[in-house]
Amino acid sequence: MGFVRRLRDRWQQADTLLCVGLDPDPARFPESLVATGDDVADSLFAFCRDIADATAEFACAFKPQIAYFAAHNGGEAALQRLIAHINGTHPDVPVILDAKRGDIGSTAEQYAVEAFDRYGADAVTLNPYMGRDSAVPFLQRFDRGCIFLCHTSNPGARDFQELMVEGEPLYRRIARTIAGEWNDDGNCALVVGATFPEELKDIRGIVGDMPLLIPGVGAQGGDVEAVVRNGRNADGTGLMINSSRGILYASPGAGYAEAAADAARSLRDAINRFR
Ligand SMILES: O=C(O)c1cc(=O)[nH]c(=O)n1[C@@H]1O[C@H](COP(=O)(O)O)[C@@H](O)[C@H]1O
């Protein structure tokens, strides 16, 4: 079953639009998990496994961010183990590899193998800046999801994404092109930052019921009510609202997994109040 279909099933069956971001930072781990040298990889795995197991029931997706793993010796193997664990233990929760890839076609082919075959991710985040041929190796894996940056959550999103191109801001052109020309197999989604709710409304109006990944609530200050009201589709779904640090580090001590579960439950409930 393809990514978008799995996501829709999960939205319905688990009644949640929450995406749990897995961005493990050893500097913020509880004391019981602090490790040095090669042991860091084991800590990355153990921390994320505990968070995933504690929050799975509240999650429509998990989103590991590759940099938090690749920054450490052995981190990529830890990421592989983690995704295998999620796929085995929580098979109804799709995994989005946040890698923001994008390159010429021959290199993009390798990135597609990395995301979908090596790591076993259901979807990957992609940068559309290099154009359609850079996306084709991902798009043609039609059972997997391609989640393209459209309007990002950071302040610098304005530098390029809002530049006017033939009478419209670039992010609108990206949304229209991907929805209209790249989505033949229905496996595309877009990233829109929670910190730009008006632009979110604009993008929802362009892309129909395409899924949108929304980072930027919690630590970056995005407003949940504005996101849900402006981003939901007609049936009250359509969104993967991500929180990473707000869930991962809900408590610094030994009870980190329980605290993460509480944070995930309350964010899921806050989201559902406005659907
Ligand atoms: O593609 C992303 O996930 C992403 C896009 C974007 O515009 N902004 C953004 O914050 N992200 C990612 O979403 C996560 C946000 O983390 P928190 O701010 O801790 O919830 C990080 O993994 C970011 O890399």
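At roughly what angle do the axes of H8 and helix H9 cross? The axes of H8 and H9 (residues 197-207) cross at roughly 25 degrees. The legends below describe a predicted model, in which local features need pLDDT of at least 70, side-chain atom pairs count only at pLDDT 80 or more, and totals for chains, interfaces and linings use all residues. Residues are numbered from 1 along each chain as its sequence is written.

**View 1. Helices H8 and H9.** The axes of H8 and H9 come within 9 Å. Helices (H or I, at least four residues) and strands (E, at least two) are DSSP runs, numbered from the N terminus. Axes are lines fitted to C-alpha atoms, for helices over the stretch in contact, and angles run from 0 to 180 degrees between N-to-C directions. The angle makes H8 roughly parallel to H9 (under 35 degrees is roughly parallel, over 145 roughly antiparallel, 65 to 115 roughly perpendicular and the rest oblique). The crossing of H8 and H9 is right-handed, meaning that the near helix is turned clockwise from the far one by less than a right angle. From H8, Tyr171, Arg172, Ala175, Arg176 and Ala179 meet Glu199, Asp202, Ile203, Ile206 and Val207 of H9; contact requires C-beta atoms, placed from the backbone, within 7 Å. This contact has six nonpolar, no polar and four charged residues. Ala, Val, Leu, Ile, Met, Phe, Trp, Tyr, Cys and Pro count as nonpolar, Asp, Glu, Lys and Arg as charged, and the others, Gly among them, as polar.

**View 2. Helices H2 and H4.** Helix H2 (residues 39-55) and helix H4 (residues 75-89) have axes that come within 8 Å and cross at roughly 25 degrees. H2 is therefore roughly parallel to H4, and their crossing is right-handed. Among the residues in contact are Leu44, Phe45 and Cys48 of H2 and Leu82, His85 and Ile86 of H4. By class, the contact of H2 with H4 has nine nonpolar, three polar and three charged residues.

**View 3. Helices H2 and H12.** The axes of H2 and helix H12 (residues 256-273) come within 8 Å and cross at roughly 45 degrees, which means that H2 is oblique to H12. This crossing is right-handed. Asp50, Ile51, Ala54 and Thr55 of H2 make the contact with Ala257, Glu258, Ala260, Ala261 and Ala264 of H12. The contact of H2 with H12 has six nonpolar, one polar and two charged residues.

**View 4. The open sheet.** Eight strands form an open sheet with parallel pairing, in the order E2-E1-E10-E9-E8-E5-E4-E3. Strands E2 (61-64) and E3 (96-101) are the edge strands, each pairing on one side only; two strands pair if DSSP finds at least two bridges between them. From one strand to the next, the twist averages 30 degrees. E3 runs parallel to strand E4 (residues 123-126), and three bridges join them. Arg101 stands opposite Leu126 in E4. Helix H8 (residues 170-182) lies across strand E5 (145-151) and strand E8 (188-192), at about 155 degrees to E5.

**View 5. The shell around the ligand.** Of the 19 residues around the ligand, Thr152, Ser153, Pro215, Ser244 and Arg245 come nearest; a residue is near a molecule if its C-beta atom, placed from the backbone, lies within 6 Å of it. Strand E10 (239-243) and helix H11 (245-248) each supply at least two residues of this shell. By class, the shell has three nonpolar, 13 polar and three charged residues.

Conventions
Two residues are in contact if their C-beta atoms, placed from the backbone, lie within 7 Å.
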